[in-house]
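Here's a quick briefing to read with the model open beside you. Take it topic by topic and click along as you go.

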Amino acid sequence: MEKVIHTVLHAGLEKPVKILHVTDVHLVETNDRDTEEHKALEIRRRAIFRAEGNFPPYTQNEYFEEAVRMAEELGALLMVTGDVMDIQTQGNIEEFHRIIDGHDAMFTPGGHEHQRICRRTMEEPDGYWIGSRQKLKDAFPEFDMDFSSRIINGLNVIAADNSLDYFNAETVRRFKAELEKGLPIVIFFHDPIWDHMLNVTEPTHPNVQLTPEDYATSHEMIDLINNHPLIVASIAGHGHVEAEKVVGKNRAFMTPGLYRGACRLIEIV
Ligand SMILES: [Fe+2]
């Protein structure tokens with residue numbers, strides 16, 4: 001790994017918790033079950049990520065394998081927040097499985113897990129996203145694509161999907177149920193909480209036909225993440241660079257893309 005960012009968070013735990021956060025791996029694999037278009041696209045994308053990452057000495061696949069090993073050696077929970085696959089190819093699905101299968105991890109998707117080409121999902125034809133989402137769920141039944149949580153040493157670790165720039169109503173309902181447990185929470189998702197698209201108040205995704213009510217629910221969750229006293233921090237990816245802010249009353253972090261050889265080791269004490 002070229003850079004491991006060390007972050008210490010205070011939650012008043014009796015026993016500390018370690019989480020290794022990796023995000024935006026952008027695997028660019030294809031195989032003989034993929035289209036010629038996908039094969040050509042991922043060859044072009046491979047060159048882009050090499051250049052963006054300033055030509056790191058290892059591939060994103062190797063950094064992902066290293067992160068899996070590192071989490072196990074450190075006794076850290078591996079948290080993966082999306083854009084593992086650059087686009088939804090058979091090659092990427094199989095490579096993600098090859099690296100993660102048999103290892104413990106939590107996962108929440110990014111926008112790229114749903115993409116067939118490098119275009120925002122909202123620009124796709126009606127119904128595209130629903131089909132793409134179902135393919136993702138079918139390919140990785142071991143992960144709950146909407147919401148997951150795990151209590152470790154009295155810390156509630158949550159992964160919530162906001163890959164389409166909002167939190168759906170079911171996710172918000174489940175998040176509120178977690179708040180009821182009264183434990184300190186570190187919450188992970190793909191888009192950082194300050195992301196402009198996450199904070200718009202009008203429906204902007206005709207592809208999934210969101211209503212103003214969906215946005216109202218999503219904004220209720222954003223307010224809770226930013227201001228609720230049980231939230232220790234929110235941690236995301238998406239931007240591919242390192243960032244840290246205070247949003248509302250709470251701390252928020254963004255971890256760089258793993259394709260650059262960077263990840264974040266969080267110690268919650
Ligand atoms: Fe990304």
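Buried here means under 20% relative accessible area, exposed means over 50%, and partly exposed is anything in between. With that cut-off in hand, take strand E3 (residues 77-80): Leu-77 and Met-79 on one side, and Leu-78 and Val-80 on the other, are all buried, so both faces of the strand are covered. In a regular strand, side chains alternate between the two faces of the sheet. Keep in mind that this is a predicted model.

**The sheet around E3**

- E3 belongs to an open sheet of five strands, ordered E1-E11-E2-E3-E4, and the pairing in it is mixed.
- At the edges sit strand E1 (3-9) and E4, each of which pairs on one side only.
- Helix H2 (residues 60-74) packs on this sheet and touches E1, E2, E3 and E11. The direction of H2 makes about 180° with that of E2.
- E2 and E3 run parallel and are joined by four bridges. His-21 is the residue standing opposite Met-79 in E3.
- On to strand E4 (residues 106-107): E3 pairs with E4 in the parallel sense, over two bridges. Here Met-79 stands opposite Met-106 in E4.
- E1 and strand E11 (residues 262-268) also run parallel, with seven bridges joining them. Val-4 stands opposite Cys-263 in E11.

**The iron site**

- Which protein residues are the donors of the iron ion? They are Asp-24 (OD), His-26 (NE2), Asp-83 (OD) and His-240 (NE2), and they lie 2.1 to 2.3 Å from the ion.
- Why is the arrangement irregular? The four donor atoms around the iron ion subtend angles of 91 to 169°. Tetrahedral would need all angles to lie between 85 and 135 degrees.
- Along the sequence, the donor residues follow the spacing D-x1-H-x56-D-x156-H.
- His-26 lies in the loop between strand E2 (17-22) and helix H1 (36-52), while His-240 lies in the loop between strand E8 (231-236) and strand E9 (243-247), so this pair ties together parts that are 214 residues apart in sequence.
- Are the two histidines buried or exposed? His-26 counts as buried because its relative accessibility is 1%, and His-240 is buried too, with a relative accessible area of 13%.
- Asp-24 is found in the loop between E2 and H1. Asp-24 is buried, with a relative accessible area of 0%.

- Asn-153 is not a glycine either, and its phi is positive, near 50°.
- Where does Asn-153 sit? It lies in the loop between E5 and E6.
- Asn-153 counts as partly exposed, because its relative accessibility is 35%.

**The six-stranded sheet**

- Six strands make up another open sheet, in the order E5-E6-E7-E8-E10-E9, with mixed pairing.
- Strand E5 (147-152) and E9 are the edge strands, and each pairs on one side only.
- From one strand to the next, the twist averages 20°.
- E8 pairs with strand E10 (residues 250-254) in the parallel sense, over four bridges. Ser-234 has Ala-252 in E10 as its bridge partner.
- Helix H5 (residues 169-179) packs on this sheet, touching E5, strand E6 (155-160), strand E7 (185-188) and E8. The direction of H5 makes about 15° with that of E5.
- Helix H6 (residues 212-227) packs on the sheet as well, touching E6, E7, E8, E9 and E10. The direction of H6 makes about 105° with that of E10.

**How H5 and H6 meet**

- Two packed helices are described by the angle between their axes and the distance between those axes.
- For H5 and H6, the axes come within 9 Å and cross at roughly 30°. The crossing is left-handed.
- Which residues of H5 meet H6? They are Ala-169, Thr-171, Val-172, Phe-175, Lys-176 and Leu-179.
- On the H6 side, the residues they meet are Thr-217, Glu-220, Met-221, Leu-224 and Ile-225.

Key
Residues are numbered from 1 along each chain as its sequence is written. This is a predicted model: local features need pLDDT of at least 70, side-chain atom pairs count only at pLDDT 80 or more; totals for chains, interfaces and linings use all residues. Side-chain values use heavy atoms; hydrogens and water are left out. Donors are N, O and S atoms within 2.8 Å of the metal (3.2 Å for Na, K and Ca); water is not among the atoms, so sites may look incomplete. Four donors count as tetrahedral if all angles lie between 85 and 135 degrees; four count as square planar and six as octahedral if opposite donors are over 155 degrees apart and all others between 65 and 115; anything else is irregular. Buried means under 20% relative accessible area, exposed over 50%, partly exposed in between (1.4 Å probe, protein chains only). Two strands pair if DSSP finds at least two bridges between them. Axes are lines fitted to C-alpha atoms, for helices over the stretch in contact, and angles run from 0 to 180 degrees between N-to-C directions. Contact means heavy atoms within 4.5 Å. A crossing is left-handed if the near helix is turned anticlockwise from the far one by less than a right angle, and right-handed if clockwise.
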